[in-house]
Amino acid sequence: MASSEAHSAVGLTDLIRGVVKMAPHAPNMIKHLPGLIHRPPEAQRTIGSIFAKHADAHPDRPFIRFEGRSMTYGEVNRRVNRYAAVLTECGVGRDDVVAILAKNNPTDLMAILATVKLGATAGMLNYNQRGKVLAHSVSLLDATVLVYDPDCAEAFADIPADDLPKHVYDFDELDAAAEGRSERNPQITATLPASTKAFYIFTSGTTGMPKASVMSHNRWLANLSGIGGLAVRLKHTDTMYVALPLYHNNALSVSLGSVLASGACIAIGRSFSASKFWDDVIRNRATAFCYIGELCRYLLAQPEKPTDRQHAVKVIIGNGMRSEIWDEFSERFGIDRIVEFYGASELNLAFVNAFDVARTAGFCPLPYKIVQYDEHGDPKRNDAGRLVEVDKGGVGLLIAEISERVPLDGYTDPEETEKKVIRDAFKKGDAYFNSGDLVRDQGFSHIAFVDRLGDTFRWKGENVATTEVEGALDSYPAVAQSVVYGVEVDGTDGRAGMGAVKVRDGEELDPGKLAAHLYDHLPSYAVPLFLRVVDDFEQTSTFKNFKVQLRDEGYAEAGDDQIYVLAGKEKGYVEFYDEYPSDVANAKAPKG
């Protein structure tokens, strides 16, 4: 758990100190302030139009840098427009969907920009998904075109032919089809309203199979203004390094929004490598980068070396920076500002550390409440049927008000969205979105993240739905029943997956084969790190109470039950050994 320092109150002195630091950036911040306060959905302002204006005004400025090579705004815009011409010929127009299955590289980002310039929605498939999970995600999109990276051939091969759209291009085929096409901006780009859908970002949400959360251009513009313009505050000469996958909102919304807020450069890392991170940052001349908490821990676990301070990074943006490493990270790597934020793909608000206060998830000017919750993690109502706010400094469930000013994009499935909406919370007719997260009220509209509630836990920067993992475990012939939950591992962020399984009568559990089965059916981050073999489950109506008991016992208090741990793809599950939690914290396990 985070230390108590993480939950210290934010005071007026902190805010004044933050305002003084903001002073040199005031002119640009003032420019972005209206975009945070008022973003009419009918305004003809979108990601595509903002990018096109930068390309028209400053075509020779670097926009994308990849493995040391730069592409200018003008160069990228011309290729994006050629891609858009190909998509148009395939019938892609406003409200259509282009599915994109890709690892990080410039073509990935350019295909995304081509899609949103047409008023279509980029469906950002997670290349870690396999089998039924990936097929479900593809079917949700109902895409007109699918574009995929040859490096994702294994995942692509897992998509049933019947689920593929009529038009499919790998990157090389897209480039070939784009040869000689028009390099002019599509006419529709300048006319699109901000209410147009921009991205589908897949999230495990609360339960079951992945859901596609909707990111409209209007909500993306809130990232540009509130996080990029007011908090990150890049100059056009800055470069933001992004090693997180572009299907992740930290990359696609927060980082890209920060870059386009000032016409800066985005340096795309092919993938994250703790040992080579600073080398790639230096090679790409980055002055900022985006993170999740695990990334920062892995960097701290590396041996100290000269490159720790030979870079030019001064500001970083992300979420999950734990209080116990905040100062150590800043001091070791020479980071001036840590812009921690709190948000979720489906949530209609975000908190951001605009005032540069240590150990906080930040400030939010939009309406929210922190309320009491019951033992199942649901909002608790009083005798009058209304929710009850926690006292100042208390821990509670974060809920965000839904209104005309702060609309909810939600998921593609209205029923799934409605499940997260709390109605008649404080008065008849009001509505709030249930974040599913516990936070602490730090005062002055600041919060500290505490934990994730319900049937989802967060690991490796991803939401893991326990029901999805239980489904994969239960489909293994030797498993009669399973219960999945997240457990804390010292030195890590979030919760690692742990499954309690009952073996079917007459069967033997083969740990290696079970691991192979899970890797085939789940994204790698969702494969449980711990397995506990139990004789039986306590029968309750929902299993929730028993799940809490199992979670509290974790892997350390399992009594005589057999515990297996995930060594990796090659070795599968092996018997628990004392050093395993430390190996997980130091990124030595699981491998592959």
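Predicted model: local features only at pLDDT ≥ 70, side-chain atom pairs only at ≥ 80, totals over all residues.
Trainee: Good to know! Why is Thr121 called buried?

Mentor: Buried means under 20% relative accessible area, exposed means over 50%, and partly exposed is in between (1.4 Å probe, protein chains only). Thr121 has 1% relative accessibility, so it counts as buried. Thr121 is found in strand 4, where a strand is a DSSP run of E with at least two residues, a helix is a run of H or I with at least four, and both are numbered from the N terminus.

Trainee: Which residues is Thr121 in contact with, leaving aside its neighbours within four places in sequence?

Mentor: Contact means heavy atoms within 4.5 Å. With those neighbours left aside, the contacts of Thr121 include Asp96, Val98, Lys197 and Phe199.

Trainee: What makes strand 4 and strand 7 a pair?

Mentor: Two strands pair if DSSP finds at least two bridges between them. Strand 4 (residues 121-124) and strand 7 (residues 197-203) have 3 bridges, in the parallel sense.

Trainee: Which sheet do they belong to, and why are some strands called edges?

Mentor: They are part of an open sheet of 6 strands with mixed pairing, in the order 6-5-3-4-7-8. Strand 6 (167-170) and strand 8 (211-216) each have a single partner strand, so one side of each has no neighbour in the sheet. On average, neighbouring strands here are turned by 20° against each other, direction ignored. Axes are lines fitted to C-alpha atoms, for helices over the stretch in contact, and angles run from 0 to 180 degrees between N-to-C directions. Helix 6 (residues 131-141) packs on this sheet, and its direction makes about 160° with that of strand 7.

Trainee: How do you know that strand 1 is largely enclosed?

Mentor: Count its buried residues: they are 4 of the 5 in strand 1 (residues 62-66), so the rest of the structure largely encloses this strand. Strand 1 runs antiparallel to strand 2 (residues 69-72), joined by 4 bridges. The hairpin of these two strands has 2 residues between them, and Glu67 takes a positive phi near 55° there. Strand 1 also pairs with strand 10 (residues 265-268), in the parallel sense over 3 bridges. Phe66 has Arg69 as its bridge partner in strand 2, and Phe66 stands opposite Ile268 in strand 10.

Trainee: Is Glu462 buried or exposed?

Mentor: Its relative accessible area is 11%, so Glu462 is buried. Glu462 lies in strand 22 (residues 462-465). Leaving aside neighbours within four places in sequence, Glu462 is in contact with residues including Asn126, Tyr247 and Tyr525.

Key: Residues numbered from 1 in each chain as written. Heavy atoms only, no water.
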